[in-house]
Amino acid sequence: MMAKTVQTMSLLGGHPVLDFVNTVDSRIGTIGPDYLQSYDDLLIWAGRTQSIDADTRQRLAIEAAQRPVDAAAALSRAKALREALYRICCMEVSDRPVEKADLDLFDTALRSALAGRRLACEDGALEWAWRRREALDHIADRIAVAACDLLIESRGERRPIRQCPGRNCGWLFLDTSRGGRRHWCSDRSCGTPARVRKFRAE
Ligand SMILES: [Zn+2]
């Protein structure tokens, strides 16, 4: 089987923030691999999740190629945000209180992201526009705002975040099934292998 990459990983978290957290595969058992090894990987992820449009992606690719050191630093910041968000999301899984350092990191990232937005009017309706779409932190800015939506604004309209108990998994997902009994991130990768192991053990 070919090793998975950010290009081929499944996007089944049900929310871009959870798909971002799931770029570390896995979270339980053997930790990793981390699919975000370069700024290009971040661009691929953002393109696949439609977090940015094609034009923004191209602008950011040019910017990253011209400023590789800054792009590497932006990637590190995005990954630090990802790890803080992972632990914050896990609060809904295990009821463990959130660490102040994680809350502070998310808060700082969110405030910086919100400062980068401005109101615009498009086709007779107001919308948020971004001041500097070519800023290397633009993807992290979008993730921070999306995380605010997931963790605060839409909190009352969804079920709690779940964590897949599959061997070497631990992916986070939103259960949007009608019955609310989704147990695995995916039946194919985690549910079926677990049932096979259980059957063999009996
Ligand atoms: Zn799983």
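Two residues are in contact if their C-beta atoms, placed from the backbone, lie within 7 Å of each other. The structure shown is a predicted model, in which local features need pLDDT of at least 70, side-chain atom pairs count only at pLDDT 80 or more, and totals for chains, interfaces and linings use all residues. Residues are numbered from 1 along each chain as its sequence is written.

**View 1. Contacts and burial in the chain.** Among contacts between residues at least 6 apart in sequence, 62% join residues at least 24 apart. Of the 202 residues, 31% count as buried (20 or more other C-beta atoms within 10 Å of the residue's own, with C-beta atoms placed from the backbone).

**View 2. Secondary structure and dimensions of the chain.** The chain contains seven helices and four strands, taken as DSSP runs (helices: H or I, at least four residues; strands: E, at least two) and numbered from the N terminus. Their order along the sequence is α-α-α-α-α-β-β-α-β-β-α. Because the radius of gyration is 18 Å, close to the 17 Å that the globule rule gives for 202 residues, the chain is as compact as a globular protein of that length. This radius is taken over C-alpha atoms, and the rule is 2.2 Å times the number of residues to the power 0.38. The C-alpha trace spans about 60 × 40 × 35 Å along its principal axes.

View 3. Strand β1 (residues 117-122) and strand β2 (residues 125-130) run antiparallel and are joined by six bridges; strands pair if DSSP finds at least two bridges between them. Cys121 has Leu126 in β2 as its bridge partner. Two residues separate the strands of the hairpin, and Asp123 in the turn has a positive phi of about 50 degrees.

Conventions: A residue is buried if 20 or more other C-beta atoms lie within 10 Å of its own, exposed if 12 or fewer, and partly exposed in between; C-beta atoms are placed from the backbone.
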